[in-house]
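Here is a briefing for a first look at this structure. Start with the picture, then read the points by topic.

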Amino acid sequence: MPRVTPMSPAPVRIAAAAICGGFGVLLARALLALPEDEAGLAPLIETNLEASGVKHPITAVLLNFRGYDTMLEIAVLVLATIGVLSLTVARPGTWAPVAEQADPVLSALARFLAPIMLVVAGYLLWAGEHAPGGAFQAGSVIGAAGVLLSLSGYARPVWVTRFALRAVIAGGFVAFLGVAIGVMSAGGALLEYPAGSAKTLIVLVETLLTISIGAILVSLFIASASPAEELRRRMEENR
Amino acid sequence: MAEWVTTHLPALVILVPLTAAPLAFLLGGTLARPIALLSALLSQPLALALAFTVSAEGGVRYEIGGWGGPLGIDLVADGLAATLILVATVVGLGVTVYAWGYFADRERYRYFWPLWLFLWASLYALFLSGDLFNLYVCLELVSMAAVALVGLSLRRDALLAAMRYMLAAILGSLFYLLGVALVYAAFGSIDIATVREAVRADVTGQAAFALMTVGLMLKTALFPLHFWLPPAHSNAPSPVSAVLSALVVKGSFYILVRMWVDVADPSFVPGSAALLGVLGASAIVWGSVQAMRQERLKMLVAYSTVAQIGYLFLLFPLVAGGGAAAADAWVGGMFHAASHALAKAAMFLAAGTVLARFGHDRIAGLGGLSRRAPVTAMAFALAGVTMMGLPPSGGFVAKWQMIRAALESGAWWWAVVVVAGGLLAAVYIFRVVALFLGREGAEGEDADVDAGRSPATMEWATLALALAALALGVLGQPLVELIGVGAPALVAGVGP
Amino acid sequence: MTLTSWIFDIVLVGTLVWLAVRVLAEVKLFKSVVLYIAFGLLVALAWVRLAAPDIALAEAAIGAGITGALLLDAAGHMRGRSQPYASASDEPSAGGDMDA
Amino acid sequence: MTTFAGLSQTDLYALAGAALFVIGLYGLITRPHLLHKVLALNISSGGVFLVLVGIARRVPGPVPDPLPHAMVLTGIVVTVSSTAFALALAKSIYTETGHAVLEPDDLEETGEVSRG
């Protein structure tokens, strides 16, 4: 039995190398031709930082100046999760823990680490207002904690009903959308926080996003890690 | 209230489907369909109102968050954006009504509705976006929803097609994002209006445009980067195929037009217009020849999309010279985008009805369809009229404008391409239509398998879209005027 | 910027590129994934060097953490029985007839 | 900003980003296994992010431009979403066809591998 070649045939590789080389040269030339010390929009962000309601410029960009991007990006997360769900099985309670028999070391580790990670996430969320941190980082730490828990067999009880699952996935996005539209009733534009309440609303949105990003990342993992047998069985049902 | 709606019109256009999408997902089951229909119906007056406002005021700008570009993100609507939104709205309604019947009682397609509403919302967001990075996020939304929809049937071929599409789409996005990074580095902004003022043809700027263009060509499936399109568009559930061919490929094309006609002009990178034109012409020939060779109806329609995308790219060499020719080409190109969207959606929906009813879409087995499914056969034939560019269809107006532009600018060879493309389309469409009108197919067994009449929503939605494409030719003058509103300087020369 | 930090940057960048090549040249799926996770951690280090602590935090948690878990899960899934393609890669001795 | 052999730190990382982008591109084209393709895309996006953060570093002063950083944070979340979905697709394909490649039929037809 001949071994499978894990590479494409030589002509493809040569063509690919030529294409990649071309793009590499193009990119390198473009990057080296850049003027040194171009300020971009940094001064503008700096000037408006005061009005944004938060002190950390990246949080100001993500949650206020370009909050619309962030809202759509949460939509990307929700969409990806719906996509994964559409490929797997979303029946209530059918998600087996990833590890059938949890490794005792792993589960001890998870029990030890998960609470610490939650505290870290809380800190990151709080710090994001004035220092590195924020909803993304906090959410991803929660996500990582959840993945760790699910690897050691603790995640299943979370997914009780189908509606609860959907609520967890879409909840953060719907809430963000609610805030974005809600402020329109105060006379501003979409996502225009009324003067004075910017900080409160940003903290609210960030908290919701942290929970939602964390929950989505965990469900992305659990849903996509759902057993192949389920999928196969479902395929056969559909035949 | 009315004043509030007017103030927030561009945002509301996006917000309606964007709110409906998670609701359709959350509430799921039986409520998803009514939510989608309600959203589709609400979108109609909003899109019309936007078109009227744009016409009246010459364009609309909406500052999200109240910051204004380049610090914040602006929604911008000119004639071009309003036109495409109008097209997306009409096609969207047709597809929603069709899908109401098509996905009537299929539990496993329950994710169709939220995915479709997300896709719809992200297309609106894309057409209205005034920011290059925001466009990247919109592109990702569009791709993610589109890929998930392609794989929805979980059939083996659909999964493979979705995967191929996914890889191409992500790669396209990365190229685009890299271009955006270089634009920011070179011109200090990602707000389109600001970049337009700052743009200059230096090494970095040109590389940025080259990278973005490659990414968007891949996403638009311009020959020879079309490899992912025929399997994806033909293996998707038919309402999805309709949306992909009619609207999704136009999303990335729209950004290309923004870049090469609005932000900069084709002289920004010497030779770029000619290159895009040649690729477009190759797409027309290659796609048509492949369409002739297909044995399955949906594959034929999918390759026809590869060919029709080619016409869109003739826009670039035709507008490059500016003046009256550019103005004609502008109307022609955009009119083509509109009429192709309507007609191609009708074709895929017709193919879907055939597939749902007879369990196959082998062309050879579809003889005599005009007697068994007259409305569907009629819709396909009428859509074919637009596709070939025969009068009085919208396709005719589009091709006529392009030919005029080619002759005005002395580049007669593009006119030859347009005419030849129409003839090639006639060959593959007449082949199908002649079969429909002919006797029952030679494949006797197929004639026996007949699930019976399709739901009326499916048949009539298809016919309505085909008629709309036809009507564009007769009643299209308002659209011609809308396309010209606030048109970029290059193509705003002398009116047609 | 001292010479030491320059050397550090060059070594870091060199390792990143080398790891990227290794990830894609590696025949065994698991090795590829593990190398990729190492790559992700080094990218996080690069963010620190570029004064981007926000990104470093997100990269460590998402890039190396969650993506790593997803990839490991996928690699495990695809290595299971009757996987001729990967088994041919993973098991140098046999072709695809291992579980026939 | 101190330079070394004409290169600044910014240039170094940005060029590394460019290198990673094309390495990923090469891998995407030449490696048939879907997992490798997904890895290749992840490497490419890492490259794009390095270019962006390299660009952010060009601002005079110790604090980099926050805008590209925000773009990268958005990009990282988008990338993990698409990676998760692409991997789920790849696994479904594996379950359906027994192979994790785009053209499983070619593998069987050429007789390079046989199914177990």
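There are four helices and zero strands in chain C. This is a predicted model.

**Chain C**
- From the N terminus on, the order of elements in chain C is α-α-α-α.
- Chain C has 100 residues, and 52% of them are buried.
- Take the contacts in chain C between residues at least 6 apart in sequence: 41% of these join residues at least 24 apart.

**Where chain C meets chain D**
- On the chain C side, the contact uses C:Leu29, C:Ser32, C:Tyr36, C:Val43, C:Ala46 and C:Trp47.
- On the chain D side, it uses D:Leu35, D:His36, D:Leu39, D:Asn42, D:Gly46, D:Leu50 and D:Val53.
- The residues of this contact of H2(C) with H2(D) are nine nonpolar, four polar and no charged.

**Where chain A meets chain D**
- Chain A brings 46 residues to this contact, and chain D brings 39 residues.
- Several helices of chain A each supply at least two residues to the side that touches chain D, including H1 (10-32), H4 (67-87) and H8 (198-224).
- H1(A) gives the most to that side of chain A, with 11 residues.
- The side of chain A that touches chain D has 31 nonpolar, seven polar and eight charged residues.

**Where chain B meets chain A**
- Here 49 residues of chain B are in contact with 46 residues of chain A.
- Among the elements that give two or more residues to the chain B side are H2 (9-27), S1, H6 (132-150) and H7 (156-187) of chain B.
- The largest share of the side of chain B that touches chain A comes from H6(B), with 10 residues.
- By class, the side of chain B that touches chain A has 34 nonpolar, 11 polar and four charged residues.

**A helix pair inside chain A**
- The axes of H2(A) and H3(A) come within 10 Å and cross at roughly 70°.
- That makes H2(A) roughly perpendicular to H3(A).
- The crossing of H2(A) and H3(A) is left-handed.
- H2(A) makes the contact through A:Ile45, A:Leu49 and A:Ser52.
- H3(A) answers with A:Pro57, A:Ala60, A:Val61, A:Asn64 and A:Phe65.
- The contact of H2(A) with H3(A) has six nonpolar, two polar and no charged residues.

**A strand pair in chain B**
- Strand S1 (residues 60-63) and strand S2 (residues 74-77) of chain B run antiparallel.
- Four bridges join S1(B) to S2(B).
- Side chains alternate along S1(B): B:Val60 and B:Tyr62 point to one face and are buried.
- B:Arg61 has B:Val76 of S2(B) as its bridge partner.

**Two residues and their surroundings**
- B:Ser267 sits in the loop between H11 (238-263) and H12 (272-293) of chain B.
- B:Ser267 is partly exposed, with 15 other C-beta atoms within 10 Å.
- B:Ser267 and B:Gly321 are 54 residues apart along the chain, and their C-alpha atoms are separated by 9.1 Å.
- A:Val119 lies in helix H5 (residues 104-127) of chain A.
- A:Val119 is exposed, because 11 other C-beta atoms lie within 10 Å and 12 or fewer count as exposed.
- From A:Val119 to A:Ile58 is 61 residues in sequence and 22 Å in space, C-alpha to C-alpha.

- The peptide bond from B:Phe223 to B:Pro224 is cis, with omega near 0°.
- B:Pro224 is in the loop between H9 and H10 (229-235) of chain B.
- B:Pro391 and B:Pro392 are also joined by a cis peptide bond, with omega about 5°.
- B:Pro392 lies in the loop between H16 (374-388) and H17 (394-408) of chain B.
- A:Leu191 is not a glycine, and its phi is positive, near 65°.
- A:Leu191 lies in the loop between H7 (162-182) and H8 of chain A.
- A:Leu191 is buried, with 31 other C-beta atoms within 10 Å.
- C:Ala51 is not a glycine either, and has a positive phi of about 60°.
- C:Ala51 lies in the loop between H2 and H3 (53-79) of chain C.
- C:Ala51 is partly exposed, with 16 other C-beta atoms within 10 Å.

Note on methods: Residues numbered from 1 in each chain as written. Chains lettered and ligands numbered in written order. Predicted model: local features only at pLDDT ≥ 70, side-chain atom pairs only at ≥ 80, totals over all residues. Contact = placed C-beta atoms within 7 Å. Nonpolar A, V, L, I, M, F, W, Y, C, P; charged D, E, K, R; others polar. Buried ≥ 20, exposed ≤ 12 C-beta atoms within 10 Å, placed from the backbone. Axes fitted to C-alpha atoms, helices over the stretch in contact; angles between N-to-C directions. Parallel < 35°, antiparallel > 145°, perpendicular 65-115°, else oblique. Left-handed = near helix turned anticlockwise from the far one by under 90°. Pairing = 2+ DSSP bridges.
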